[in-house]
Amino acid sequence: MKRLEESYWKHLKVMDAGLLRELMNKYGQEVWNLAFILTKRNDLADDITQEVFLSAYRNIDLFRGESSIKTWLLSIARNTSVNYLRSAFMRKVTLMAWVSSKETSPSAEHEALEQSLSDDIWRIVMKLPLKFREVLILAGKYDMSMKEIAGVLGVSEGTVKSRLARARQKVKANWKEGTAYERV
């Protein structure tokens, strides 16, 4: 829809229910995915996604248009997720749910192998410390530039590059360690 163009959002002072619905339809899944990847919990991802869109609804007048509306929403999602993780309750209770691929394939064997590979990769990524996991996901899944990631995380581009390189190293090392074990 024309109203979802970037220039529209930075001039908006109040959002109505229809605009909120459009925003949720366009970016809701991506916000939820990021919240899940950061918190590792379906229920928290649901709560965080709801909070993100309520915050956007209440504070659309604070959107300055210096980034895309998507980047702004992902930034709110990241900050909200980190706040949830810092809460006393979350430090005491940690549940894990694994991300699984919903792709279909021609054969059951091929599908099982793809699922296993996807699960293995996600297990490695989900074990990374948050600061590495988030840069890897923002770069890989959301295809954000170093500048956009730096804006979302509130760090320098150099820090993003460093964290991304270290995250990739850790994934590669864990992957090699896992495959070496399987060959024995």
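Modeller: Let's start with a term: a salt bridge is a side-chain nitrogen of Lys or Arg within 4 Å of a carboxyl oxygen of Asp or Glu. This is a predicted model, where local features need pLDDT of at least 70, side-chain atom pairs count only at pLDDT 80 or more, and totals for chains, interfaces and linings use all residues. Residues are numbered from 1 along each chain as its sequence is written, and side-chain values use heavy atoms, with hydrogens and water left out.

Biologist: How many salt bridges does a search of the whole structure find?

Modeller: One joins Asp43 and Arg41, with closest N and O atoms 2.5 Å apart. Another joins Lys70 and Glu30 at 3.0 Å, N to O. For the whole structure, the search gives three.

Biologist: Nice! Which helices do Lys70 and Glu30 sit in?

Modeller: Helices here are DSSP runs (H or I, at least four residues), numbered from the N terminus. The two residues are 40 apart and link distant parts of the chain. Lys70 lies in H4 (residues 69-86) and Glu30 in H2 (residues 17-39).
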